[in-house]
Amino acid sequence: MPVNQRNVKGPSMAQHRFSNLIATAALLTCGWMAASPAWAEDALKVARLSQVARVDPLFQSYNVEMAEVVGGRFWAPFPEAGELAAPANTQVSGGLALDAGLFRQRPPADLSNRRLRVMAKALGPAYVRVSGSWANTTYFQDDDRPPMVKPPAGFQNVLTRRQWKGVIDFAKAVDGRITTSFAVSAGTRDAVGQWTPDEARKLLRYTRSVGGRIHSAELMNEPNLGFVSGLPTNYQAMDFARDVAAFAAFVRTEAPGLKMVGPGSTGETGVALFANRGIPTEALLATEPRAKFDIFSYHFYGARSERCTKLAPASAIRPQDALSEAWLSRTDAALAYYKAVREKHMPGAPIWLNETAQASCGGDRWASTFLDSFRYIDQLGRLAKQDVDVVFHNTLAASDYGLIDEATLTPRPSFWAAVLWRRLMGPIVLDAGVKRDGLHVYAHCLAKRKGGVALAVLNLNSEHLDKLSIPLGGLRYTLTAPDIQSRTLELNGRGLSLQRKDKMPVMQGSPTTGSLLLPPASITFVAFPQARNPACR
């Protein structure tokens, strides 16, 4: 791709700052200055790292909420400085009494937008999950008449052919594989409350008729939350078991190639995100006739954002704790819980974490800053080593936790980190073997290069430089920011942004050999194309 003209001018202030950091680290390494952190001397021999896991090639994926597709009330981004917050006005949403100012009515997303597609394609190939609680109550208007003003009884939203065709076209354009869920509200149920597949059948058949394909589907989103997710009042485990049995029979006849995903529960571990954790997943899967899926799924948020802390005050996470092991390891506890359930009821099934982000309820104010990029990359690294096949970030471009700002379509720091992960970290997971407080190192085989190795290295110390000794030449990609809660990002000291005509910038690595010097509060990817690691051939 062409280099922006600004990139060929003299060094910027950011480049000088980055160069000074590396120069300071060199002085520390040579003993000419005192080093505050304890630096390990053992060399990391990337050619000898052994394989510990293998993930789906589409390991890093994302969500586009059904509320975005149809146009609806979703979490409003926090107001910028000088903007007025919406007036308080409590409304009931999904069975919860919430301030109406927390939400914003939005028009249907323009998935044909060139800028959005350029950025989404940079993350591909990926699964594109179109779901959320809105999908549970959405009627598919399977005709070409003007959009219905009001949904039929038993539904709350309307999805038109044009909108769903937009999803199909978007997925094709960005190298995406569609995964979704279906309506399960009162409008889909017969006289005795049994789920019927009419809505699912319409959506599947229309998709095929226009040349699209749905790779996989859950029956519903977050069934353990019951009526909060738009399910009938007093929905129980026996209802879920019966519904899934009907869904499985439908899939066998209507779409035998469709992967069934489930159960998709949430909020059952760690700090309570809800006053009531809902129906235990154990009960959902143990009740006869026992639900079985091709892929085991769960959702995880380590906290509730400040929008919703009145529902669960203890679940809030402060920015000053965002680099702590206590915060970053919350994802491990959730996986351990759901992995045990998976092993009991669906042994060997692939595991999808198909909804996660910094915090639920749209994310905190700092979810859109560089500070959350550490959690983003650390979570991918942790879960890849523990046999999670796919991780879906929520969302691509909605609210504060989106990878892309929904109003300006500006890429946020975690987007750039995600692009580097996509380009460098292949599906074979290696054991980096580095265990040091404040330094997290993850190793994969280098994407699209036999024998190559890639590292993702997080220096979680915001005050001190760190280093790794690696006796092999490679290319480094160091992400830093002027301030850790900045929404702008630098790669090897150069600012990152889209170029003219919405083109992705050239993201070049800088040569490195010997000691890998790590600035404070930085994320560094390193590619070793000549590693000749046997596990990567």
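This text walks through a predicted model, from its nonpolar cores to a helix and then to the salt bridges.

The largest nonpolar core has 118 residues, and Trp 164, Tyr 298 and Phe 525 touch the most other members. Helix H11, residues 413–424, gives the largest share of this core, with 8 residues. Phe 525 shows what such contacts look like. Leaving aside neighbours within four places in sequence, Phe 525 is in contact with residues including Ala 417, Leu 420, Trp 421 and Leu 424. The contacts of Phe 525 also include Ile 377, Leu 455, Arg 476 and Tyr 477. Another core lies apart from the largest one; it has 21 residues, among them Ala 432, Val 441, Val 457 and Ala 531.

Helix H6 comes next. It runs over residues 237–254 and reaches 25 Å from its first C-alpha to its last, close to the 26 Å expected for its 18 residues. Among the buried residues of H6 are Phe 240, Val 244, Phe 247 and Val 251, together with the charged Asp 239, Asp 243 and Glu 254. An α-helix has 3.6 residues a turn, so residues three or four places apart point the same way. The cover over the buried residues of H6 includes helix H5, strand S11 (214–218), strand S12 (259–265) and helix H7 (281–286).

Asp 243 forms a salt bridge with Arg 189, at 2.9 Å from N to O. Both of these residues are buried. Because Arg 189 lies in the loop between strand S10 and H5 while Asp 243 is in H6, the pair ties together parts that are 54 residues apart in sequence. Glu 254 belongs to a network of salt bridges with Asp 198, Arg 201, Arg 205 and Arg 208.

Helix H5, residues 198–209, also holds Lys 202. Lys 202 counts as buried because its relative accessibility is 18%, under the cut-off of 20%. Not counting residues up to four places away in sequence, Lys 202 touches Tyr 139, Phe 140 and Asp 142.

Asp 142 in turn meets Arg 161 in a salt bridge of 2.9 Å, N to O. Arg 161 is in helix H4 and Asp 142 in the loop between strands S8 and S9, 19 residues apart. Arg 161 is partly exposed at 21%, and Asp 142 is partly exposed at 29%.

The structure holds 30 salt bridges. One of them joins Lys 339 and Asp 387, with the closest N and O atoms 3.8 Å apart. Lys 339 sits in helix H9, and Asp 387 in the loop between helix H10 and strand S15.

How values were computed: Residues numbered from 1 in each chain as written. Predicted model: local features only at pLDDT ≥ 70, side-chain atom pairs only at ≥ 80, totals over all residues. Heavy atoms only, no water. Helix = DSSP H or I, 4+ residues; strand = E, 2+ residues; numbered from the N terminus. Buried < 20%, exposed > 50% of the residue type's maximum accessible area, 1.4 Å probe, protein only. Contact = heavy atoms within 4.5 Å. Expected span 1.5 Å × (residues − 1). Core = buried A, V, L, I, M, F, W, Y, C linked by side-chain atoms within 4.5 Å. Salt bridge = Lys/Arg side-chain N within 4 Å of Asp/Glu carboxyl O.
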